[in-house]
Structure formats: structure tokens, C-alpha cells
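The following exercises concern the structure shown below. Each task is followed by a worked solution.

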Amino acid sequence: MPPTALLPAASFMPFPRRLRTVTEQVVADVLRELSLAGHRLRARLHGGRPHVHLVGLVDDATDDATDLDAESQDALRARLYKRLRGAYPDLALVVHFTRDAAWAARGLCGLEQAAA
């Protein structure tokens, strides 16, 4: 697939409930170490391949807001990937952080739940 190709939305299928529960638990466990104002999660299957997209809303009122540099974000992504990859060997993982609630909502097109 060329790098500029977009995946058609209709080709994505929701995760089965059991897999979604595992994904939500792993995300909650890993994010527990941060003081986030909330997060949004989308977990879908595309051609049988799991795609997990997470947007974390950083709380400016905490020290974590200034400590979440690129290196820290990469370390958190690595922890998420390691834990999720056990259940999903062919995992595609995207993790973003923002301080703007509007961008957190837009990050997943408003398709999934917000969690605080």
C-alpha cells in the first residue's frame, strides 16, 4: 500500500468484546502511572490485524505535564506495545498525547468513548 493511501473506514471492524476488555485493562494499567485528565481509545480490526489508537489528555495541573517529553512518551508506547503484543502479535499501535481536550476528541473523530 502506498504511504499516502487511506484505509477505508468500512474496512475496519470492532474488536470482539473479550479482546476489547483485555485492551482496555492493559491501557488502564499502563496509564495509571500518569496523571492524565482522560484518554480516548479506539480498538479495531482491519483485515484481521488489530489496530489500537490511544489519545491521552495531559493534565496541565500536574508535574506529569512537564515530564512527558518525547523519550517518556516512547517508553510508555514501548510498555503498551510489549503488553498488548502478547495478545496481538500483528499489532498496529498509535499513541498521541495532547493538552487540548478538543484535539483529544478530534483524535479519534468522536467515534469512541472518553475515559477519565
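Helices (H or I, at least four residues) and strands (E, at least two) are DSSP runs, numbered from the N terminus. This is a predicted model, in which local features need pLDDT of at least 70, side-chain atom pairs count only at pLDDT 80 or more, and totals for chains, interfaces and linings use all residues. Residues are numbered from 1 along each chain as its sequence is written, and side-chain values use heavy atoms, with hydrogens and water left out.

**Exercise 1.** Determine how the buried residues of helix 1 are arranged and what covers them.

Solution. Step 1: the buried residues are Leu-19, Arg-20, Thr-23, Val-26, Val-27, Val-30 and Leu-31. Step 2: viewed down the axis of helix 1, these residues fall within an arc of 130°, so they line one face; the arc is that of the directions from the helix axis to the C-beta atoms. Step 3: on the other side, Arg-17 and Arg-18 are exposed. Step 4: the cover includes strand 2 (36-46), strand 3 (49-58) and helix 3 (70-85), where contact means heavy atoms within 4.5 Å.

**Exercise 2.** Characterise the surroundings of Gln-73.

Solution. Step 1: Gln-73 belongs to helix 3. Step 2: Gln-73 counts as buried because its relative accessibility is 17%. Step 3: leaving aside residues up to four places away in sequence, Gln-73 touches Leu-68 and Phe-97.

Definitions and conventions. Buried < 20%, exposed > 50% of the residue type's maximum accessible area, 1.4 Å probe, protein only.
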